Amino acid sequence: MRKPRLSWILVAFLLAGLLAAPVSALAEKPVKMGFVYIMSGPFSTYGQFAKQGAQLAIDEINAQGGILGRQVEAYFEDSTGKADVAVRAIRKLVYQNGVDVLIGLDSSGVAKTVVPTIPEMKTPLIITHAATPDVTGSLCNKYTFRISVNINQNIKAAALLAAESQAQTWSTIGPDYAFGHQSWEYFKKYLKEKKPDAVFLPDDKVAFAPIKTTDFSAYITKLMESKPDGVLVSLWGGNLIDFVRQADAMGFFQSGTQVLMTLGAATEVLYALGDKMPEGIWVGTRYWFLGNDTPQNVAFRKAYQKRFGQFPSYNAQGAYAAVLTYKAAAEKAKSTDKEAIAAALAGLTVTLPVGTITLRPEDHQALTDAFWGRTAADSAYPIRILKPFKVFPAQDVTPPADTTGCNLR
Amino acid sequence: MEAFAVNLLNGCSWGMLLFLIAVGLTTVFGVLGVLNFAHGSFFMLGAYGSMQIMHLFNSFWLGLLVGPALIALLGMALEMGLLRRVYGRDVSYQLLLTFALLLVLDDAVRIIWGPAYHVVEAPPLLAGSFAFFTHSYPVYRLFLVAAGPLLGLCLWAFFRFTHWGKIIRAAAMDRDMAEGVGIRVPLLFTLVFGLGTWLAAVGGALAAPHQSVGPSMGERVIIESFIVVVVGGLGSFPGAFVGALILGLIESFGTVFAGRAQMALPYILLAVVLLLRPRGLFGREA
Amino acid sequence: MSARGFSGSVIATLVLLALLLLGPCILPIYWTMIVTEIFIMGLFSMSFNLLFGFSGLLSFGQAGFFGIGAYTAALLIQTGFPSLWLIIFCSVLVAALFALAIGYLCVRRDEIFFAMLTLGFGMMLFTIAHNWRELTGGSDGMPLCSVPPVRLPGIEWSLFPPVHVYYFTLFWTAAGVFILWRVVRSPFGLMLTAVRENKQRLAFVGADVSRIRLAAFVIAGGLAGLAGVLFCVFNRMATPDFMHWAFSARPVLMTILGGSGVFFGPAWGAAIFFCLEQLVTAFTENWMIVLGLILIPVVIFFPQGIVGTLVQWLGDRKESRS
C-alpha cells in the first residue's frame, strides 16, 4: 500500500510544476544577446575575459543610445567546455531567453559539434575564439560566422615566418587533441609550399602531450633528443606555462632552436609567466593590445585597463568585437530580424580594435590579419611585449574561399 | 643511453611527486577505510595555500611549513564535521561524500583565487640547473626525486618506532580492540586524516614551483593517485612508493614508445594489475 | 503488496505517462527539451542502478557503454544507414557486446576493486574515442547534420522538431524502463538482490554468482547504450566526453540524489538534478559548489536519497497509524 501513495504525491508535484512552469516572456523591447563561453572549471579564465569584454562593449553601446535606439541586454551561459552542455545552453538562450544573436564558443570541439544544430534555431552565431577550420569549412551554414583568426590563418603566418628563418628541420610539441594535430598538419602543408626542401620529423619523433599533462620533461627530452632546427609549439594556457618554465629549466630555449609558439602572446600566459617568459621567442596571437594605435584600439585598451586592471586578452577583444559586429550588421540591415542580420553579416566590413575585418560571404570566415611578434622586455609593461611586431595581411594567410569545402548554396 | 638516463630521471621525479600525493591517500585508506576523492583538492589547496604564504612573507620555506599545516587543520575540521558520520557505511557513500567535497573545494578555490594561472618560483637554493650529459637538468627536479623517499622514510620511521605510530597501526588493524585498550579512536582518526591531508598539501606545495598553479590541479592528479594506490595495494606504504615509481616511469618512457596509446597507459596498468593480482602489488589479503 | 495497491500503482503510472504524453502541449519548448534530457539521463541512471542498487556493484565506467551506443549510432548515421530501427538495434547490441567482454573481466571483483576496474576500462574506451581520429573524429567528436526519420508503415516522422524528439525519446525510455522492470521483478532480479545481500550463501546453494552479475552487467550496458543512442539523436553528436569518468559520475550522483532503493529513484534523481541545475545556474556560475553543498547533507542524513527517504517516511507514518 505504500507505493501508490507516493506515486500520487509525485504526480501531484509534477502537475503543480507544469502549471507553474514559466511561460517565456513575450515582450521584446531590448536587443538580447546570448553569450556562451567556458565560465566555470579549469578553463574559466577564457570565459571570464570574454564576459568582461562583452560587458564593456554593451555598456558603451547602451550609453550611446543602444542599437537602433534599443538598449542591449546580455545573457551569459556556461558551456563548461563540453559539447552537450553547450548545446543545452544555446537552446536555453534561443528558446527560453529569446536572444537575437549568439556569441561565443571557446573550444574547437564544442564549436564543431554545436554548429550543425544552429540552423534548426535559425539564430545567427558569431564565433570569437574556437579556431577549427571546419565551422567555416565543411560544416558551414547560413547562420554561422567567425570574426576571429582560424587555425589556417594563424599557422599560415607561422609557416611564412618559418620560411624566412634559417631552420631546415622542423618538429612540434602540441596538445594531444585535434587542435594540436591540425596545427602540425597545416604547418607542414604551408611550409612545404613556401620551402619545398624543409624537413619534418616523422610522427614518432614529434611530441603530443595529453591536455592533463603537468610534467612536460619527457616531451622536452624527446624534442631535444631529435635535435630539430625549429619547433612549432601549439600548446596553450596552463599547458604552455608549464612547458615554458620546464623547458627553460632544461635549457631548451638556450639550445639555439627556432621556436614558434602559435598562442604564446595570450595575455593570461604572459601575465602568469611575467619575466620568466624567455625573450626573443616568436609568439602568435589572435589580437595584440599594442598591435595598432587606431583611435578605436587605444580607446578599448584604455577603457578595459581602467575597468579591469589588466590589458585586454584576445578573448576579451573577441567578445567586445562581436558585439560591435552585431551592431554594425543591425545598422546595415536596419533591423534585428534574425534572417536580415544573417544576410547583413555576410560580406560585412567592420572596424574593430583588432583592425578592419570582412566577413567573407562565401564561407563566413573573417578576413582578418594574423599577428606574430618576438617577446621582449620593456620596463613600461608588467609583461613581455612584442618587438618586432609583424602583421600578416588577411589576403596572404587566408585560404581561398573555394578551397575551404564550404558550400552555402 | 643518454636519452634513457634523462627519461629515467624524468620518470623518477614525476613518480616521486605522485608518491607524495598517493602516500597520504593510502594512509587514510589503511586506517580509516575511506578512499578520499577530495585528496587531489587538498593537493591543490596545498599549492594555493603555500603560494599565498610565500607571497605574504616572501619565503618559499615558510610557505612550505605553514601552508600545508593550515590545510591539514581544514582537513581535520572536515573529518570531524562530515566524514566521521559515514564510517560505518558502504564504501560508495564515502566515495560520494568526498566527491561532493571535491566539488565544493574546487569551486571554492576558483572563487577565492580566481581562474587565472599562477606561477611560484623555486627557492634560490634550488633554482638553476646542472649539467647532465649534454643536457642541463633543473636542480629542483632532483630535489623532488630526493624529497619523496626522504619523506617516505620519515613516515616509515614514525609508524615503526614512535608511540603514536604504533597506536595508529594498532587502530588500523582492529578498531574495536584498540578502543578496548583505551585508545581514543575518533581522535586518532582525525589526526590520521590530518596527516593525510598534510601529505597531499605538502605534495601541492612542492609541485607549485614545478608546474603552474591553477584550478585544475587537483582534478589532474586524483585519478592517477587512485591508480597508484590501487596498483600498489590499498593501505600499503611500500606499495604506494613502488606504484608511483612504476606509473612515473611508464608515463615518461611512454612518450617514446606508446604513440597514441599514451593516454591509456595508466588505465592499462590499473586493469592489468587488478586482473592478475587484485589486492595490488603489496596489498594484504582482504 | 495488496491487489488494490498494485492497481493503484498501475493507475498512478498511467496518469504519469499521460502527463508525460501531454508534456509538450503544456511546457515551453526549452523545458520540453530539458524533460527529454531527463528521460535520457533517467534511463541511464536506472540502468546504472540495476548494478548499484540491485546488485551492489558500483560501476564507474558506465559512460563507456553510453558512449559506445552514441558512437555506433553516429557512425551508422554518418555512413547513411537509412533505418533508425536498425541503428538503435545495432548500437544497443554493440554496447551489450562490449559490456559482455568487459563485464566478464570485472564481475569477479567487489566494491572498490570493481569500481576501479570499470573506471579503467571506461577510460580505455575514452582514449580510443579520443585518439582514433580516422574513425571517431578524435577529440572534436562527430557532428551529425541530419538524423534519418522514424519510418513506420505509411508514416515518415522527421526528428528535426524538438517535440518529435521528445516523443521518440519517451517511447524508447519507456521501453527501456519496461525491460528493467521485468528484469527486476523476475526470479533473476531476486537472485541479483540475493547476491548483493549475501554472496557466499548464494554460492553455497549452487548459484553461479559471476554469471548472474555478468548478466546484469550486460543488461545495464545495453540499456546505457540505448540511452547513448537517444542522447546522440537528441544532441546530434557523439563526443569523447560521453565516455569520460566524469560522465560516469553523473548517474551515480543522480541515483544517490533520488535513492538507489526505489525503482524509479534514479529517474527522479535525474529530474531533481536538472531542475536544480536550471534553478541554480540562473543565479550563479558556481553550480558545482551548490551541487556539492546539496550532496553532502543528502549523503550524510538521507542515504536512501530524496525519493527513497520520502517512501520510507510515508511507510513509517502508515505503519504507526495502523
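How many residue pairs are in polar contact between chain B and chain A (both at pLDDT 80 or more)? The count is 14, a polar contact being a pair of N or O atoms within 3.5 Å, of which, within protein, one must be able to donate a hydrogen and the other to accept it, and residues adjacent in sequence count only if both atoms are side-chain atoms.

This is a predicted model, in which local features need pLDDT of at least 70 and side-chain atom pairs count only at pLDDT 80 or more, whereas totals for chains, interfaces and linings use all residues. Residues are numbered from 1 along each chain as its sequence is written, chains are lettered from A in the order in which they are written, and side-chain values use heavy atoms, without hydrogens and water.

**View 1. A salt bridge between chain B and chain A.** Arg141(B) pairs with Asp215(A), their closest N and O atoms being 2.7 Å apart. Three salt bridges are counted between chain B and chain A, each a side-chain nitrogen of Lys or Arg within 4 Å of a carboxyl oxygen of Asp or Glu.

**View 2. An aromatic pair between Phe37(B) and Phe60(C).** The ring centres lie 6.0 Å apart with planes at 50°, so the pair is tilted (rings of Phe, Tyr and Trp, its six-membered ring, pair with centres within 6.5 Å; planes under 30 degrees apart are stacked, over 60 edge-to-face, the rest tilted). Phe37(B) is buried at 3% relative accessibility, and Phe60(C) is buried at 10% (buried means under 20% relative accessible area, exposed over 50%, partly exposed in between, with a 1.4 Å probe and protein chains only).

**View 3. An aromatic pair within chain B.** Phe158(B) and Phe159(B) have ring centres 5.3 Å apart and planes at 65°, so this pair is edge-to-face. Phe158(B) is partly exposed at 26%, whereas Phe159(B) is buried at 10%.
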